[in-house]
Each structure stands twice: as structure tokens, then as C-alpha cells.
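Let's take a walk through this one together. Have the viewer open and follow along as we go.

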Amino acid sequence: MSLSLLILLAPATATAYLFTVKPERKGHIRRVAIGASLVTLVGAILMWTSYDPASTEKYQFLTEIEWAPSLGLALRLGADGISMAMVLLTAFVIFTGTLISRAIEQHVKEHYILLMALVTGVFGVFLSLDLFFFYFFYEMAVIPMFLLIGVWGSQAAKYSKEYATMKLTLYLTAGAVLALVGLLAVYFKGSEALWGQTVKLAGESFTLETGTYTFDMRLLEQAVLPAAFQNAWFPVVFLGFACIIPMWPLHSWSPIGHAAAPSAVSMLHAGVLMKLGAYGVLRLGYGLLPAGAEHWMGWVALLCCMNIIYGGMVAMAQRDMKFIIGFSSSSHMGYVLLGLATLGVTGVTGAVFLMFAHGIMTALAFALVGYIYDQTHTRVIDDWGGLMKPLPFVGTCFVIMAFASAGLPGFANFASELLVIVGSWNAGFELAGTGITVRYLPTIAAIWGLVVTGTYMLRAVRTAFYGETNPRWEGLRDARGWSAKLPFVLLVLVLAYTGFFPHLIVEPIENGVRAVLERVNGASALAEAVR
Amino acid sequence: MTDLAWICLFAPLVAAVWIGVSPRFRAGAGAPRLAIATVLFAFVCSLIFLFSVHEPLQSSIAWMDLRTPGGGIVIELGVILDQLSILMLLVVGAVGSAIFIFALGYMKGDPSVGRFYAKFALFVFSMLGIVFANNFLMIFIFWELVGVSSYLLIGYYWQKPSAVEAGKKAFLVNRVADFGFLIGILMIWQLTGSFRFDDIQQAVEAGALTGTSGWTLGLAAFLIFIGAAGKSAQFPFHVWLPDAMEGPTPVSALMHAATMVAAGVYMVARTFFCFGWTGGVSWGDAAEVMALFGGLTAFLAATMALVQNDIKKVLAYSTLSQLGYMVMALGAGAYAVSMFHLTTHAFFKALLFLCAGSVIYGCHHEQDMRRLGGLRKKMPVTFWTFTVGMFALTGIFPFAGFWSKDLILDALHEREFHGLFLLSTLTAGLTALYMARAWFMTFFGKYRGRAEPHESPRVMTGPLVFLAICSASAGFFYGGAQGYLSRWQGMVSELDINVSIAIVSSFVVLIGYAAGWYFFFRKPEKAETVARRFPALHRLLLHKYYIDDFYLWVVRSVQQTIAVFCRLFEERVIVDGMVGGTVRAARRAGDGLRKRFQTGRITQYAYVFLAGITLLVIVMVVL
Amino acid sequence: MTVGHVVVLAGTLFTIGMLGVLSRRNILIVLLSLELMLNSAALAFCAFGDMAGNLDGQIMVFFVIVVAAAEVAIGLAIVIALFRLRVTVDTDRVDLLKQ
């Protein structure tokens with residue numbers, strides 16, 4: 001059994017098993033969920049350490065189980081450097097998330113079943129090498145999210161949790177359907193382009209018979225599609241995933257969703273779910289429609305400035321801590337988009353690394369806010385104040401998180417944002433259709449974004465944690481003992497470790513990115529030659 | 001040797017982390033000792049390097065390696081050992097050691113002294129990173145780290161809102177400056193293809209930049225200077241430094257007087273090849289602009305120091321003013337002179353701050369000079385060491401400041417920056433005036449406070465005496481320092497004391513002292529009269545030229561308005577408009593369809609059915 | 001008498017039936033008109049079957065008759081149920097489908 005199958009099966013088995021457990025056995029249910037996520041975490045770390053950057057094979061840890069051969073459908077699992085980093089991120093977030101979920105008291109069984117189903121879907125997306133299963137797992141992640149927010153969520157400012165969850169689900173589903181249409185177009189056109197051609201598959205030659213279709217991404221990636229087709233369908237696929245990233249102005253579901261969700265779900269949602277979009281763009285958009293990516297991504301570099309600056313400015317005007325982090329996420333995802341838009345190894349590697357770093361950082365943020373909210377029942381930062389006194393440990397973690405978010409050295413966010421900034425400086429962003437090439441401007445916006453982030457993060461820290469302690473909060477309980485501190489400590493350690501030794505994770509990511517970009521750079525010229 | 005440098009660099013970090021993560025260790029007496037040991041180690045290392053390193057040494061490791069056979073980017077961490085970095089290391093090590101030890105006494109009784117030393121050690125780590133950095137990105141990384149440790153230390157008394165606010169201000173002002181700095185780094189990188197100083201210098205000297213417009217080069221150099229201006233608190237980024245005095249006094253002494261604020265000067269000296277006096281390419285007028293900013297800062301800060309009542313604030317403005325001198329010297333191309341002034345200034349300013357700390361400690365945390373006075377007898381050691389520091393600062397022969405300041409004046413004169421020369425000579429007089437004011441108000445007259453003052457313990461006066469000796473004697477080494485730095489390639493030309501300039505400036509300084517003696521000792525009421533005679537000017541100085549108020553207005557009104565506007569845009573246009581609009585449109589479309597077509601009348605359905613069939617038939621026939 | 005004549009007759013009957021369905025409001029008349037349309041179709045089947053010279057057309061007519069019988073049975077049942085409920089056979093006054 002390969003590691004990828006193990007990682008996928010652990011939460012799936014836990015989901016199935018939990019159905020049979022009596023709802024009263026809360027402790028047992030929790031232990032099962034924590035155990036399953038621990039297995040995935042160990043699996044993901046093994047994957048990280050055993051990933052071979054020198055391998056000539058693009059995907060490693062392969063597994064293939066036939067499903068519907070007549071449609072070219074099989075459960076194909078595998079990971080390159082990019083998926084590996086995402087799997088690692090998901091494993092850390094779900095492990096800490098299950099630990100944090102201790103505060104959930106209602107419908108414990110259902111909560112953990114849904115959480116495990118959700119995370120199965122997320123792992124499935126990151127590990128699928130099959131278009132159909134990519135989509136299948138994606139939907140599998142969205143539906144539990146709907147229920148988790150709708151049932152266990154809380155009021156977010158003036159929006160009810162039902163509003164939040166409906167909006168989130170509609171956006172995610174609409175985006176997914178849009179992407180699905182594009183993916184089906186690629187499925188047909190790509191398979192047809194491969195008919196009778198001999199290509200490499202898992203190190204061996206493979207010929208697709210005329211008249212058969214395949215969902216195998218490894219094959220479809222090798223089809224060279226006409227430029228007109230790619231340019232027409234890339235925006236469809238991209239916009240579908242852009243809803244999930246979320247790109248401005250399609251972002252409005254995300255802060256509200258963050259704010260309404262219970263802690264563990266917020267962590268998964270902001271930490272991992274948003275990365276599904278960027279991952280989809282990279283794996284499917286860049287992988288299957290490289291010429292389209294080359295053609296269109298210049299515009300994205302402009303739009304992402306709106307993400308960065310606008311998201312930051314809105315965060316500055318928020319008073320609810322979860323909204324601040326929510327808009328901050330949308331601001332940070334702007335850096336990811338900028339990195340992706342560079343189409344260069346440095347920028348895209350930085351973007352993927354930032355997806356990892358931001359996922360860990362936001363998970364930490366929501367875990368901390370959730371911890372405090374469970375006791376104070378308010379998230380408005382002006383109601384807090386001087387929390388450092390009753391909560392020295394949580395407060396310190398929060399300050400560390402704020403530093404990481406503001407892009408300070410020593411944390412993975414800085415290293416990755418630096419790569420994005422350096423990578424985007426020399427890139428020229430061609431605005432397709434206008435003949436204009438934009439330079440420097442997006443990078444300057446990104447650097448200014450660091451100032452904006454610093455401003456609202458430090459302001460939040462000052463208002464919430466420093467100053468006179470509000471007497472209402474004198475009696476708050478700080479995290480005591482190893483089990484309470486573990487999730488926070490673990491996330492901080494990951495941020496610091498990858499921040500100090502970034503090459504440990506940059507190397508595999510770069511390996512994966514390079515393989516993707518090899519096909520993107522110069523793809524337009526190749527595609528022009530095809531009818 | 002470079003291995004030793006690496007150890008020296010990371011030792012404080014290890015100490016900081018260890019103190020940080022182990023609560024038991026943090027609470028014990030071991031924490032301060034460990035932190036002090038690391039900084040003493042840096043001092044010892046600097047002495048070792050001073051005597052054993054003759055040729056520049058470098059060692060680099062790839063931090064993030066994205067190289068391809070054809071190109072790609074590598075982000076390196078590296079240490080460089082040359083005369084410049086060793087001199088700076090010496091300053092950080094010597095002054096740092098004295099201040100770390102002083103803080104033992106000053107912070108006594110503080111329950112979280114371990115936390116203090118952890119942050120202090122973190123700062124030393126960041127500072128050493130800047131000192132050792134051999135490339136732009138590494139210096140940027142540690143630049144940011146210094147910003148963080150500064151934030152943490154200024155906000156050390158986190159229950160005090162003003163302290164936290166000051167820390168935030170320092171951090172954000174530096175962030176804005178770093179915005180320019182990073183763009184400057186990227187520009188230089190684009191022009192020369194490297195982040196490493198030696199590569200860039202080679203590229204510049206090999207003529208890689210010929211053909212690039214002076215405007216581009218000037219902008220790049222200016223942006224690098226912006227970064228330096230942020231850390232070295234040059235106008236218009238100077239506003240954070242006086243507020244930073246909210247931190248504990250040892251912090252003010254080490255970071256906001258001696259070392260961290262000098263980082264900008266050090267960085268410019270390190271990257272001198274970007275500033276137009278070498279390499280034979282025109283870097284625009286970046287150097288002249290830099291000198292101008294320096295001169296402006298020196299003068300404005302000196303005038304603002306005249307009206308301060310907080311003893312630490314006086315010293316803070318004085319620091320600004322002296323940093324202005326250093327930047328002026330940099331602008332004039334006298335890098336070695338600037339570094340020399342940095343060194344002497346580090347000693348005497350640290351000394352003055354520690355004396356202020358001793359006064360504050362002895363008078364039970366009273367910093368307002370209007371409630372001090374007459375401490376000459378009560379605190380003799382502090383008084384005498386302060387006097388030495390003051391003489392050094394104002395440039396009385398033969399104290400340290402005399403030599404370094406006169407060399408700067410000399411450099412300005414030689415570059416024929418006549419306006420700046422006059423301004424800085426005038427500033428020398430003002431320096432004497434405000435220092436005399438502080439001196440008389442603090443140590444002479446009657447004691448105006450409530451609690452009985454007392455001399456500080458040995459652990460505090462010891463460092464004072466050590467620094468006083470350095471301040472008094474450092475000037476004599478100017479020849480040695482020059483000789484030492486002359487082996488460093490940034491040394492452009494050797495300067496010597498110009499006797500006529502020395503006499504003129506000494507005369508101006510004496511006038512300053514005389515005025516100080518008259519207005520603040522002999523006839524204190526006269527000072528009031530003068531202030532009342534020029535109310536507008538007095539108010540202008542009290543309000544710090546309204547620069548802080550302007551920034552506050554920008555932040556409170558402009559920035560917050562934009563933020564609120566964005567939020568309203570988000571809520572009204574995006575959420576209610578776009579998203580809500582889609583929902584409303586869908587609902588309205590459904591309603592319309594229902595009312596128009598879903599009437600429930602069978603005959604109507606039949607008509608529609610017929611129309612559909614007819615249409616299909618037509619389509620099939622026609623196509 | 002050619003096939004053409006029969007088809008014209010079937011078309012005329014179909015049109016009469018269709019107009020009846022569309023214009024009459026009495027549901028019984030509507031049902032009668034429907035029968036007329038079905039029978040016109042059956043007539044056309046017979047004519048075309050004769051033209052093709054096989055029995056397929058007449059076989060289809062049997063199906064049509066069976067379906068028509070079933071349809072009338074269900075239709076009348078609905079009409080009776082409707083009349084019991086609403087006391088009317090006017091189609092315009094029965095618009096429950098709009099809900």
C-alpha cells in the first residue's frame with residue numbers, strides 16, 4: 001500500500017467506523033478521530049521525508065485502482081512536490097483541528113464523522129491524478145463543510161450562520177460546476193488529441209486507442225491542445241477555482257464563512273480549503289491548459305493587487321477578530337495569486353510555499369481565536385483588552401502568529417513571501433488582448449501590502465492583548481498542560497522550523513513546480529502550431 | 001574564523017530561545033547570566049577578529065536555492081569579516097556588554113526580567129546579523145528582525161498603552177521605510193544580477209551599469225537610503241525614536257542610541273559603492289540628497305531637544321541629531337569618518353543614557369527634569385560620568401566627540417557643502433545649549449522631587465565608568481581607527497583634523513555652553529521670557545514641527561477613511577450589490593416566470609405546447 | 001380515392017380536434033376533441049399502412065385504440081373527481097397547477 005492510499009484511507013475508515021459507534025461514547029469518538037489524523041500526519045511526514053527530488057518521475061507514491069475502464073476512470077493517486085506540501089499542510093491542520101475540537105459538546109459523533117469525511121475529500125483532491133476523482137473528492141469536501149458551519153457555527157457579526165453556510169456552499173459549488181464544465185471539455189478534447197499517440201505513462205510507453213477516453217491527468221497533461229481551445233477554456237477553469245481561492249471580487253463568501261464556522265472548521269476552511277482553489281489552478285489550469293495559462297495570467301497579476309491591498313484595507317476597518325483574519329487571508333491569497341501569475345520557478349515555488357505557510361498560520365490564528373471565544377463569547381477586539389495577563393501562553397502564541405502573518409523573518413510566511421516578491425520583480429505581466437505589459441506595479445503593491453498587514457495585525461494585538469486588563473477577563477483559563485498546549489505549540493514549531501530551514505520544503509516544491517512550468521513556458525508557441 | 005563568526009551570530013539566538021521556552025529557566029538567575037555571556041562572547045570574538053583578521057573573509061550558505069543551470073535565484077545567508085564589520089562588532093560587543101550588565105541592576109525586582117533578557121538577546125542576534133551580513137537580502141532579513149525586537153522591547157511594559165503604542169509606531173515607521181528599502185534592493189539586484197555586496201561592487205566597478213540612466217541609479221540608491229533613514233531615524237522617519245523612550249532605559253541606551261539606530265549608517269557604509277563616490281558611474285544625486293536629509297535631521301532634532309523636559313527625550317533628540325551628522329558624512333563620501341563618529345557616539349550616547357537610567361533609578365523612576373535637580377552631590381559617580389559623556393557629545397577637546405565631529409565638519413568643508421557646513425556648526429552650538437540645559441536642570445540647583453534620591457549600586461556604576469573611560473579616550477584612536485579602516489576599501493581619502501575648523505567649532509560650542517549657563521543656571525527666569533517672546537516658535541518646537549500630528553492625521557483620517565470606505569464598498573457593493581443582486585435577480589426571474597407562464601390554465605399550456613411543436617417542425621424543416 | 005384524400009381527411013379531423021382542445025372550456029368537450037385527434041392519427045396510420053402495403057399501420061391503430069380507451073377511462077375519472085371537488089367542468093376555473 002502506498003503512502004498516498006494510506007493517507008486517504010485513514011480518515012475514510014474513521015468516517016465509516018464512527019457511524020457504528022454509539023453517540024454517548026464521546027471520548028472514544030474523539031480518540032478515533034485523533035488517531036486517524038495522527039496516522040495521516042505520520043504518513044504525510046513520511047511522504048515529506050521520503051520524497052525523492054532526484055526522481056525522473058513527475059509523480060511519486062502512485063496507486064491505481066480500476067473503477068470504470070469503459071470511461072477511462074480509475075482511482076489514481078500520486079503526489080508531486082506540490083501535492084506533498086499540501087498534504088503535509090492538511091495533515092498538520094486536521095491533527096491540530098481534531099485536538100482543538102474538544103470544546104464541541106453537541107452531536108459529537110456527527111461532528112467528527114463530518115470532519116473526517118471533509119478531510120478525506122481534501123486529501124483526495126490533493127492526491128488524485130484522475131479528473132473525475134478530483135471533482136468527486138472536491139464535492140465530498142464541500143458538503144460536510146455546509147453542515148459543519150450550519151449546525152455547529154455561530155453568528156458572524158450581522159450575518160447568521162445559515163446565511164454564511166448557504167453562501168459558502170453556493171459559491172464553492174458554483175465554482176466547482178464552472179470548473180467541471182471546463183474539465184469535461186478538456187477530457188474530450190484532450191483524449192481525442194491523444195488518440196493513436198504514444199506517450200510516457202509511469203515510465204512506460206502507452207498508446208491511447210482511438211475512440212477511448214481517459215480521465216488520467218498524467219495522460220491529459222501530455223496532450224497539446226490548440227491555442228484557441230486553451231485560451232477559450234482556461235478562463236472557465238480558472239474562474240471556477242478563483243471562487244475558491246478566493247480572488248477579488250469573488251471573495252465575499254470567505255470571511256463570513258470563516259467567522260461563522262466553529263474553530264476546527266475555520267482552521268480547515270482557511271488553512272486548507274482555500275488552497276484547493278490555488279492547487280486546482282496549478283494542477284489543472286497550468287497542467288492541462290498551459291497555453292491558456294500563459295495567455296491569461298497577466299490579468300491575474302493586476303487583480304491580485306486588489307486582493308492584497310483591498311483585503312488589507314477592509315481588514316483594517318474590522319473589529320471582529322475572525323473577520324480581521326478572514327480578510328487578511330484574502331489579502332495573503334493575493335500573494336499566492338501573484339506568485340502563480342509570474343509563471344517563473346521562483347514565484348510559483350514561493351506561491352506554493354506560501355500556501356503551506358499561510359495554511360499553518362491561519363490555522364493557528366483560528367485555533368487561538370476559537371480558544372478565547374469559547375471563554376469570552378465575544379470576538380470583538382475592543383471587548384477584549386489586556387488578555388496577555390490572564391492568558392500569557394495563548395497571548396504569546398497569538399503575537400507569534402501576528403508576526404508570522406505580518407511577514408517577519410523566522411517564519412515560513414516571510415521566506416515564501418520573499419520568494420514571491422523576488423520572483424515577481426523581474427516578471428513582465430502581459431495583459432492579453434491589450435498588448436500592455438505590466439511590470440513592477442504588482443510587486444510594489446505586494447510590498448506595500450506588508451505595511452498594511454503589519455498595521456492591522458499590530459493594532460489587533462495591541463487592542464486585544466496589551467494595555468489594561470478588562471476586569472471581566474481576570475479569571476480566564478490559560479492553556480495548561482501538554483494536551484492543551486500541543487496544537488498551538490505544534491503549529492508554531494512548524495512555522496518556525498520551515499521558516500528557519502525553508503529549503504527542506506522548498507526543494508520538493510520546486511521540483512514539482514519545475515515540472516509543471518516546463519510545459520507552461522513556451523506553451524503558446526507550441527499550441528499555435530496545433531490545429 | 002568564519003566558523004567563529006557563525007557561532008558568535010547564533011549564540012544569542014540560542015540563548016533567547018532557551019530562555020523563551022523554559023519557564024523555569026526564565027524565572028531563575030541563570031537567564032540574565034546566559035544572555036550576558038553571549039554578548040560578552042561577541043565582544044571577545046570582536047577582539048579576536050580585530051587582531052587576527054587582515055584580509056576580508058566570507059562564508060555563505062544557501063538558505064533557499066532555486067538555481068537552475070541557466071540562472072535562477074539563490075537566497076543566501078553569509079557572514080563577512082572585514083574591517084568594517086569587525087569595528088561594528090566591537091561597538092556592539094563592548095557597548096552591549098556594558099549595558100547588559102547595567103541592566104542587571106536597573107531591572108532588579110522586575111518579576112519578568114527573564115523575558116527582558118530573552119528579548120535583549122534576540123535583539124543582539126538580529127543586530128549581529130546586520131553586522132555580519134554579506135548580501136542585501138540577509139541584511140533585509142535581519143533589518144526586519146531588529147524591527148521586531150525593537151517592537152518587543154519598546155513595548156516591554158505592555159500594560160502601559162503608551163509603551164505599546166510607541167512600539168507599534170516604531171515598527172510601522174520602519175516598515176514604511178523598509179518598503180522603499182526592499183524596492184531599492186530589488187532594483188539593485190535587477191541592475192547587477194546579484195544580492196551579494198562583493199558581486200555588486202565588482203559589477204559596479206566593472207562598468208556593468210554604464211548605460212543605465214542616472215535617474216534609475218539615483219532612485220535605487222535613494223531607496224536604499226530610505227531603508228537606512230528608517231532605522232537611523234532620519235527626517236522624515238525620525239518620529240518613532242523619541243517615542244521609543246517608553247522602553248526600559250537600558251533598551252534606549254543599547255538600541256535607540258548606540259547600535260540599532262546606527263545600523264542604517266553601517267548599512268550605507270557597507271554599500272558605499274551604491275552612492276556615487278566610487279565606480280565612476282553617476283548614481284544621480286543620491287549622495288547629495290542623503291547629506292541634505294542628514295543636515296536637516298541634525299538641525300531640526302537639535303532645536304526640538306531644546307524644549308524637552310524628559311531627560312530621556314532630550315537624549316533621544318540628541319541621538320537623532322548625531323545620526324544626522326553621520327548621515328551627512330556619508331553623503332559627503334566620508335564613510336570612514338562616519339563610522340568613526342558612529343563608534344564614538346555609541347560610547348558616549350550609551351554612557352549618557354545609562355547615566356539617565358541611573359538618575360531615573362536613583363530618583364524612583366522620575367524622568368521629568370523639572371522634578372529633578374541638585375543631584376551632583378547625591379549621585380557623584382553618575383554626575384561625573386554624565387559630565388564626561390556631555391563633553392564628549394558636545395565635542396570639547398580632547399573628548400571623543402571632538403575628533404569625530406570635527407572630522408565630519410572637515411569632510412563637509414572639503415566637499416564644499418557650505419550650507420551644510422554652516423548648519424552643522426550651528427547645530428554644534430545648539431547641542432551644547434541643550435546639553436547644558438539638561439545638565440544644569442538635573443544636577444544643579446535644588447532637588448525638586450519628592451522621594452529621596454540615592455546613588456546607584458556598583459553593578460550600574462561600573463559600566464558607567466567603563467563607558468566614560470571609552471568616551472574620554474576614544475578620540476585619541478582616531479589615527480588608529482583611520483589606519484585600521486584604511487585597509488577597508490570603502491575608505492576614500494584620509495582626513496586630518498583641520499585646526500582652524502576645530503577652533504571655530506569649539507568657539508561655537510563654548511558660546512552654546514555660556515548661553516546654557518546663563519539661561520538655565522544663572523537666570524532661569526530669562527529662559528521663560530525668551531519662550532514668551534517667541535510664542536509661535538516655542539509652540540512649533542513643543543509640537544515637534546507638527547510632523548507627528550501630520551502623520552497622526554494621515555493615519556487617523558486618510559488611512560482610516562480609506563479603510564472604512566473599503567469596508568463599506570465590501571458590504572454595500574460586493575455583498576449587498578453583487579452577491580445580493582445575484583440573489584435578487586434569481587428570485588425576480590423565478591417570480592416572473594411563475595407569473596407569466598405558470599398560470600395553471602390548461603388551455604394556455606396547450607397553446608405553448610403547440611407553439612413549441614410548430615417551432616420544432618419549422619426548425620427541422622428549415623435545417 | 002387515393003392516400004392523399006384520406007390524409008387530408010385525417011388532417012382536417014386533427015385540426016378540428018386541436019381547435020376544440022384549445023378553444024373549448026368545457027372539459028368534456030376537450031376530452032372529446034382529444035379523442036378526435038387520436039382517431040385522426042389512427043386514420044392516417046391506416047392510410048400510410050395501405051400505401052406501404054403492410055400491416056404495420058393497422059397494428060399501430062390497435063395500440064392507439066387501447067391507449068385512447070385507457071386515456072378516456074383515466075380522463076373521465078379525473079373529470080368526475082374534479083367535478084366532485086370543484087362543482088365545475090370549466091377549465092379556466094381550475095388552475096391548481098399554478099401553485
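What follows goes from the chains and their contacts down to single residues. Keep in mind throughout that this is a predicted model.

Start with who touches whom. Two pairs of chains are in contact, and chains A and B share the most contacts. Chains A and C, by contrast, do not touch, and their nearest C-alpha atoms sit 26 Å apart. Chain C does meet chain B, in a contact that takes eight residues from chain B and eight residues from chain C. On the chain B side of that contact you'll find three nonpolar, four polar and one charged residue.

Now for chain B as a whole. Its C-alpha atoms fill a box of roughly 115 × 60 × 55 Å along the principal axes, and its secondary structure comes to 26 helices and two strands. Of its 623 residues, 55% count as buried. If you look at the contacts in chain B with a separation of 6 or more, 80% of them come from residues 24 or more positions apart.

Zoom in on helix 8 of chain B, residues 197-205. Which of its residues are buried? They are B:Phe197, B:Ile200, B:Gln201 and B:Val204. These cover an arc of only 100 degrees around the axis, so they end up on the same side of helix 8 of chain B. The general rule behind that kind of pattern is that an α-helix has 3.6 residues a turn, so residues three or four places apart point the same way. As for partners, the buried residues of helix 8 pack against helix 7 (161-192) and helix 12 (263-270) of chain B. Just after helix 8, B:Gly207 takes a positive phi of about 85 degrees.

Take A:Ile360 as an example: setting aside neighbours within four places in sequence, A:Ile360 is in contact with A:Leu89, A:Phe92, A:Gly271, A:Ala412, A:Leu491, A:Val494 and A:Leu495.

Strand 1 (residues 60-68) and strand 2 of chain A run antiparallel and are joined by six bridges. A:Gln60 stands opposite A:Ala79 in strand 2. Four residues lie between the two strands, and in the turn A:Gly72 has a positive phi of about 75 degrees. Is strand 2 of chain A largely enclosed or largely open? Five of the seven residues of strand 2 (residues 73-79) are buried, so the strand is largely enclosed by the rest of the structure.

Finish in chain C with C:Leu38, which is found in helix 2 (residues 27-52) of that chain. Why does C:Leu38 count as partly exposed? There are 19 C-beta neighbours inside 10 Å of C:Leu38, whereas a buried residue needs 20 or more. Leaving aside neighbours within four places in sequence, C:Leu38 is in contact with C:Val64 and C:Ala68. C:Leu38 and C:Ala10 are 28 residues apart in sequence, with 9.9 Å between their C-alpha atoms.

Note on methods. Residues are numbered from 1 along each chain as its sequence is written. Chains are lettered from A and ligands numbered from 1 in the order in which they are written. This is a predicted model: local features need pLDDT of at least 70, side-chain atom pairs count only at pLDDT 80 or more; totals for chains, interfaces and linings use all residues. A residue is buried if 20 or more other C-beta atoms lie within 10 Å of its own, exposed if 12 or fewer, and partly exposed in between; C-beta atoms are placed from the backbone. The arc is that of the directions from the helix axis to the C-beta atoms. Two residues are in contact if their C-beta atoms, placed from the backbone, lie within 7 Å. Ala, Val, Leu, Ile, Met, Phe, Trp, Tyr, Cys and Pro count as nonpolar, Asp, Glu, Lys and Arg as charged, and the others, Gly among them, as polar. Two strands pair if DSSP finds at least two bridges between them.
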